[in-house]
Amino acid sequence: MTRRLVLSYVTVAVVVLLCLEIPLGYLYARAERERLEGQVEHSAEVVGALADEAIRDGQLDRLDLLAAESAEQFGGRVVIVDGEGALLSSSHPLRTEEAQPAALPEIQAALRGQAHIGIRTSVIGGVKSLSVGVPTRPGATVRGAVRITIATTGVEARIHRLWLSLAAVGLVVLAVVMGVGFVLARWISRPVDALEQATRHLADGTLPAPASTTTGPMELRRLADTFNRTAARLQHLIAAQHSFAGHASHQLKTPLAALRLRLEILEADVPANARGTLAAALTETDRLGRMVETLLAMARIEEGSDLPVPADLDAAVEDRVRMWQPLAGQRRVQLAVTGDPVGQVYALPGALEQILDNLLANAMNAAPEGSTITVKTHRVRVETGARGDRHDTVVELHIIDQGPGMSEAQRLRAFDRFWRAPDAVKGGTGLGLALVQQLTEASGGHVELRAAAAGVDAVVSLAPVAATERLSAGSMSGHERVVPMAGATGQESASRAPEFRQARPER
């Protein structure tokens, strides 16, 4: 900002200087040339009067002396001709272009007795000169003409010095403007930079130091004061929201556990015709419990206390697929792992397991009997940079089901909290994909839902820890593999993912 402000000040100063100095220099140069022309014109008229007197009296010998003295006095060249244009006298030997004086434009104009004086600027002998021709006596009868040529070197030198002086003054003024402008720009931009830094901290979720309200223009001081009050209010609201979500979710866990226990105790005393209602109440209690656990998990993510760490995605996929294998067998759905081993990626501690659990739960609820849920991992090169001139490698995790699928509008809304598809299985909380999105973005990645050939392709993109791939033992690169149950029971699998037992989302 400081650079732009100084540049704007200098630009304005340059425009003002150009508007002032160029007309001033032009007017001075024209005045100097007009003054020289006036002097030469007056000198030519004086010499012409004296020459006319000598020609009238027949004292032509006086013309040589007159021409020599006049040329010495004026610092130029003097040529005198008679009424026919024949040379009478010259202060200097005639040059080639002056060999025929009667052919010179200014002498021709003077011999015709014209009222105006013939003045022209020419380059004679490599020197820029001013030539003036006048009749010796104005009137119908012209006895002769006088031509005076004076070099304009002195005038041009004065004009050149003036332009140099104006340029020097302009540079000094620009230097002063730049110095003053820099101080003024720093005075203005310093509080703006402080506000920008405070805003960045506020956007990152950290409480910024109060912006200074004692420096800068009055408008920026008022802006800083307003920002401080807004930041304090926003931080208070965010803290209150986090506190409410965390405390409310935590406080609800105990009553929910007690409620479920009481409902289970009542099961023995409930008539057979009311068992369905009791089962529905237990299901809703479980759903509310999962919702509470998910809200707690999301509140912990929003706290932002954890940083992404290296985590083995291949091991997480093998573990969670093995954990879900018993339920998949019950629903007659096959779980298949394919793709290439990808090694470690950056993720929050425990995030990979929660991401896989939530996405597999969604896929399991959407997959029909006899279908296959595919879990695929591979590396992808993506274009980066403003012009796509750089390439980075990311790791993509795909979980593809063969369910009814979702429309584009539904896929865009699927990450909204508490949103569920119209045809979703009952019992879901609508928080699973929102949790997946938070976990992925907090890990520095990206998640999206894509249309598959049949069903939905949930794609999670994460940054790899190393550029080289780390092959897992026993894996078959590029070939599909079905993960066995390895003798794990449903209770054993559930104990390995305590958070997921209470947060099983559905689309």
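Predicted model: local features only at pLDDT ≥ 70, side-chain atom pairs only at ≥ 80, totals over all residues.
Okay, a definition to start: a residue is buried under 20% relative accessible area, exposed over 50%, and partly exposed in between, using a 1.4 Å probe and protein chains only. By that rule Arg158, with a relative accessible area of 28%, is partly exposed.

Some housekeeping. Residues are numbered from 1 along each chain as its sequence is written, and side-chain values use heavy atoms, with hydrogens and water left out.

Let's stay with Arg158. What does Arg158 form a salt bridge with? Its partner is Glu32, and the closest N and O atoms are 2.9 Å apart. That pair links distant parts of the chain, since Arg158 sits in helix H4 and Glu32 in helix H1 (residues 2–56), 126 residues apart. By salt bridge I mean a side-chain nitrogen of Lys or Arg within 4 Å of a carboxyl oxygen of Asp or Glu. Helices (H or I, at least four residues) and strands (E, at least two) are DSSP runs, numbered from the N terminus. Glu32 is buried, at 10% relative accessible area. And there's a network here: salt bridges link Glu32, Arg35 and Arg158.

Now Thr152, in the loop between strand E5 (144–151) and helix H4 (153–203). Is Thr152 buried or exposed? It's buried, with a relative accessible area of 7%. Leaving out residues up to four places away in sequence, Thr152 touches Leu36, Lys128, Ser129 and Leu130, where contact means heavy atoms within 4.5 Å.

Last stop, strand E12, residues 456–462. Seven of its seven residues are buried. Val456, Ala458, Val460 and Leu462 point one way, while Asp457, Val459 and Ser461 point the other. E12 runs antiparallel to strand E11 (residues 446–451), and six bridges join them; two strands pair if DSSP finds at least two bridges between them. One example is Glu448, whose bridge partner in E12 is Val459. The hairpin has four residues between the strands, and Gly455 there takes a positive phi near 105°.
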